[in-house]
Amino acid sequence: MKIIVINGPNLNMLGVREPKIYGTRDYAALSSFIAEAAEKYGVDVKVVQHNGEGDMVTEIQNALGAFDAIIINAAAYTHTSVAIYDALKAVAIPTVSVHLTDINAREDFRKVDFISPCAEKSFVGMGFDGYAAAIGYLAEKYGNQ
Ligand code: DQA
């Protein structure tokens with residue numbers, strides 16, 4: 001099974017950005033964590049990060065026919081992006097959304113979520129472990145592909 005993990009804006013700043021909220025581990029640590037989880041569950045994973053909304057849309061479009069599932073942390077675009085919503089609907093690839101923090105327990109604007117309606121499952125507020133949970137969920141459900 002082939003999974004693409006698409007991370008959105010400012011996640012490359014992990015370790016530097018608001019460490020009290022996002023922790024002190026950096027983006028390279030997150031990428032390694034995801035690779036280890038993928039190995040544990042026996043799936044192939046590609047991890048990408050984009051700061052631009054259009055780059056994320058293109059990545060989603062290019063996933064069609066190339067990946068069996070998408071794990072997406074759209075970061076701030078979660079709360080604003082009809083374009084990412086439309087792209088996920090267009091490709092109709094099984095999708096799981098992840099947020100390091102619990103977006104429902106923060107500012108009100110983070111409660112608006114354009115991505116979870118496209119996702120069959122969401123993991124929020126679990127830190128890095130949310131990505132492992134997403135991989136585990138997809139591997140269990142679709143792992144024989
Ligand atoms: C985030 C939550 C978003 O609200 C925020 O804009 C991010 C990160 C998270 O993983 O907790 O950049 O997606």
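Trainee: How far is an oxygen atom of the ligand from an N or O atom in the side chain of histidine 99?
Mentor: The separation is 2.8 Å. This is a predicted model, in which local features need pLDDT of at least 70 and side-chain atom pairs count only at pLDDT 80 or more, while totals for chains, interfaces and linings use all residues. Residues are numbered from 1 along each chain as its sequence is written, and side-chain values use heavy atoms, with hydrogens and water left out.

Trainee: What about the side chains of asparagine 73 and threonine 101?
Mentor: An N or O atom in the side chain of asparagine 73 is 2.8 Å from a ligand oxygen. For threonine 101, a polar side-chain atom lies 2.6 Å from an oxygen of the ligand. A polar contact is a pair of N or O atoms within 3.5 Å; within protein, one must be able to donate a hydrogen and the other to accept it, and residues adjacent in sequence count only if both atoms are side-chain atoms.

Trainee: And how much of the ligand does the protein bury?
Mentor: The protein buries 98% of the 320 Å² that the ligand exposes when taken alone. Accessible areas come from the Shrake-Rupley method with a 1.4 Å probe, and for residues only the protein chains shown count as cover.

Trainee: Which residues are around the ligand?
Mentor: They are Arg17, Tyr22, Asn73, Ala75, Ala76, His79, His99, Leu100, Thr101, Ile103 and Arg110, where near means that a heavy atom of the residue lies within 4 Å. By class, this shell has 5 nonpolar, 4 polar and 2 charged residues.

Trainee: Is histidine 79 buried or exposed, and why?
Mentor: Histidine 79 counts as buried because its relative accessibility is 11%; buried means under 20% relative accessible area, exposed over 50%, and partly exposed in between (1.4 Å probe, protein chains only).

Trainee: Which backbone oxygens does its side chain reach?
Mentor: The side chain of histidine 79 reaches the backbone oxygen of arginine 110 at 3.3 Å and that of valine 112 at 2.8 Å.

Trainee: Changing topic, what is the phi of asparagine 10?
Mentor: Asparagine 10 is not a glycine, and its phi is positive, about 75°. Most residues other than glycine have a negative phi. Asparagine 10 is in the loop between β1 (2-7) and α1 (19-22), and is partly exposed because its relative accessible area is 39%.

Trainee: What about phi in alanine 92?
Mentor: Alanine 92 also has a positive phi, near 50°. Alanine 92 is placed in the loop between α4 (82-91) and β4, and with a relative accessible area of 60% it is exposed.

Trainee: Where is threonine 95, and what does its side chain reach?
Mentor: Threonine 95 is in strand β4. Its side chain reaches the backbone oxygen of isoleucine 93 at 2.8 Å. Threonine 95 counts as buried because its relative accessibility is 1%.

Trainee: Finally, how far apart are glycine 136 and alanine 38?
Mentor: Glycine 136 and alanine 38 are 98 residues apart in sequence and 8.3 Å apart in space, C-alpha to C-alpha. Glycine 136 is in helix α5 (residues 129-142) and is buried, with a relative accessible area of 11%.

How values were computed: Ala, Val, Leu, Ile, Met, Phe, Trp, Tyr, Cys and Pro count as nonpolar, Asp, Glu, Lys and Arg as charged, and the others, Gly among them, as polar. Helices (H or I, at least four residues) and strands (E, at least two) are DSSP runs, numbered from the N terminus.
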